[in-house]
Amino acid sequence: MDEEKLEQLVHEADRVVPRPTPKEFFRKQPHKSLENISDYERLYKESIENPDGFFGKMAHKFLSWDRDFDKVSWGSFEQGDVAWFLGGKLNACYNCVDRHAFAHPDKPAIIFEADDEKESRILTFKDLLQQVCQVAELLASWGIKKGDIVAIYLPMTPEALIAMLACVRIGALHSCIFAGFSAGSIKERVFDAHSKVVITCDEGKRGGKITHAKQILNEALKECPEVEKVLVYKRTGNPKVEMVEGRDFWWQKECEQFRGYFPPVPVDSEDPLFILYTSGSTGTPKGVVHCTAGYLLGAAMTTRYVFDLQPEDTLFTAGDVGWITGHTYSLYGPLVLGVPTIVFEGTPAYPDMGRFWKIVEKYKATHFYVAPTALRMLKKSGEAEIDKYDLSSLRTLGSVGEPIASEIWKWYDEKIGHGCCHIADTYWQTESGSHLIAPLAGAVPTKPGAATLPFFGIDAVIIDPQTGKVLEGNDVEGVLAVRSPWPSMARTVYQCHQRFLNAYLRPYPGFYFTGDGAGRDHDGYYWIKGRVDDVVNVSGHRLSTGEIEAVLLESKKVSESAVVGIGDDLTGQAVIAAVQLKDSHLVHDAETMIALRKELRLLVRKVIGPFAAPKSIIIVDDLPKTRSGKIIRRILRKVCSGEAKSIGDTSTMANPHVIVNLVSEVEQQFGVKN
């Protein structure tokens, strides 16, 4: 790409914030991975045209092998038999711990920022190796072996990462369960995975409060007869925590019996590394299975190239290991590169709204990765807490979990990055294992709200959902799919391969279906529009619910919005919007609500057009959300369609009580009966 085209791309009117040229992105510390857009284009072309050659080289560059692989790739989407690095053997724990402990034993590996910062501590790679080996040998003494699945129900403490690494060290799989889940959700996941061992703690600490992990687990295990042993880390030391004799054992007491080295077990490249349960719109949670070599390579490559994470850096991922972000970018990505990872036990609002920024300053974090949900909350709280701290160490700022609104992107860039950090708006999924579309640091110019360009090996396409044909060229919209396999993609759903095929490989034969709508603009940049079922067709007009939500958020009175489509006899589908206000007191003023609904409809009409104006606007105290902060639009859709009784799985909800309130508001505001 010539300089004139690059300059035009970077300074595109209306859609691009004026940005430094790529070489100036890292004003404080020069980038090192890629020099410019030409580097990206050259490597991307090679990864698509010669994937075996490209990924074979990358596998040797980033991973240590016990036995080299015989063949780089195998299988197809049509057959559902994708495999990578066949015949190779390695161990993920060795790659993340041992080799770095041998080379730099005193280098920080895990920087633990406790909820109460006085309890914070740092584990070196030497410390990490010793503690992982002790847990691994304990598990082996309990009969855990290659292929077994160990459930881990721990908050964000070093012990969560230690437990995960101990499992993979002996060839077992870990199944991490988010520490905020209820007993019922834990039971489903432990039962489905046939776990014989569960690792937990007595209690957790979060936001200045105690969480009762062991008490909740005890309730869950009443219906899990296969569980034989529970390892309990003593986090608070509460003597009243109930321990079941013969089943429950204290971590500290048991592990001190074992020495600080236990050899890693080499596994096949395609041996499963872990299971992570993710919820669908109906039915029970599905256990997504990731395999060792391909996943590990995807974690390493994206962490290096998207973030430009270098050995002297420090990555602060404000995510939980109960979700894929915590797996890939709190644990595997940074540690496979030998880079310290900051593990944060608390919340961004405790003891005040400056906690994130205090952590950045305290540890001189160079990279920060968080969800837009948190950024919206922090922006709303003002800038006084930001100004207290020195954020000059930061070089890359990442966004994850949902498309980031242009307004939040710009705030992130200006107020946190001070205009000289790379902003990595990353698009990916639990099933993808690592980033699918994201701007590579120092090489790909950014656009606020755009996921930008596909990562290496991701042959992204836009498909017309009506015809099933690939839409060529730019300025197109449709559903997002991937044309060929990539190493870090999930291989199956645990014990239900047909469910995997039906969800991802059969909707558009020959392609991996992401389930998301997307557009490709005139520069070839991808814009994620949200789930396909969140694209509304009103009288022939295809509307992205995300676009309508963004307009509603332009109102100074609205803090969050969610838009869905429901069936309509006249227009085919009708747009329904739910909004949460910044001032919750306004909700109880009927006249104000009537005026506000009119104001918001006029705003959408003005910005998008009359056809996009919501048929109904529901004003609520809170929106249904997952524990990671995502709005669950399918619940809104079900309630607005009068189908609240068939909502399905709600195990990932942070606030299930809002369903009752939502049903009531829908009935009162536009008469839908559930």
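These are my notebook entries on a few spots I looked up in this structure, which is a predicted model.

**Entry: the four-stranded sheet**

I started with an open sheet of four strands, and read its order as β21-β22-β24-β25, with antiparallel pairing. Which strands stand at the edges? They are β21 (460–463) and β25 (526–531), and each has a single partner strand, so one side of each is left without a neighbour in the sheet.

Strand β24 (residues 512–520) pairs with β25 in the antiparallel sense, over five bridges. Across from Gly-519 I found Trp-527 in β25.

**Entry: Thr-430**

Next I picked a loop residue, Thr-430, which sits between β20 (422–425) and β21. Buried or exposed, I wondered, for Thr-430? Its relative accessible area is 15%, and buried means under 20%, so Thr-430 is buried. Setting aside neighbours within four places in sequence, I listed its contacts as Leu-276, Thr-278, Val-288, His-290 and Ile-324.

**Entry: α10 against α11**

Ile-324 turned up again in a helix pair, as one of the α11 residues that meet α10. Helix α10 (residues 292–305) packs on helix α11 (residues 324–336) at an angle of about 80 degrees, and their axes are 8 Å apart. That angle falls within 65 to 115 degrees, so I noted the two helices as roughly perpendicular. From α10 the contact takes in Tyr-295, Leu-296, Ala-299, Ala-300, Thr-302 and Thr-303. On the α11 side I noted, among others, His-327, Tyr-329, Tyr-332 and Pro-334.

**Entry: aromatic rings**

How many aromatic pairs are there? The count comes to 36. I opened two of them.

Phe-54 and Phe-55 have ring centres 5.0 Å apart and planes at 85 degrees, so I wrote the pair down as edge-to-face. Phe-54 is buried at 1% relative accessible area, and Phe-55 is buried at 3%.

For Phe-316 and Phe-368, the ring centres are 5.1 Å apart and the planes are at 55 degrees, so this pair is tilted. Phe-316 lies in strand β16 (residues 315–317) and Phe-368 in strand β18 (residues 367–370), so the pair ties together parts 52 residues apart in sequence. Phe-316 is buried at 0%, and Phe-368 is buried at 1%.

Last, I traced a cluster linked by ring pairs; its members include Phe-54, Phe-55, Trp-65, Trp-84, Tyr-305 and Phe-456.

Conventions. Residues numbered from 1 in each chain as written. Predicted model: local features only at pLDDT ≥ 70, side-chain atom pairs only at ≥ 80, totals over all residues. Heavy atoms only, no water. Pairing = 2+ DSSP bridges. Buried < 20%, exposed > 50% of the residue type's maximum accessible area, 1.4 Å probe, protein only. Contact = heavy atoms within 4.5 Å. Axes fitted to C-alpha atoms, helices over the stretch in contact; angles between N-to-C directions. Parallel < 35°, antiparallel > 145°, perpendicular 65-115°, else oblique. Phe/Tyr/Trp six-rings, centres within 6.5 Å; stacked < 30°, edge-to-face > 60°.
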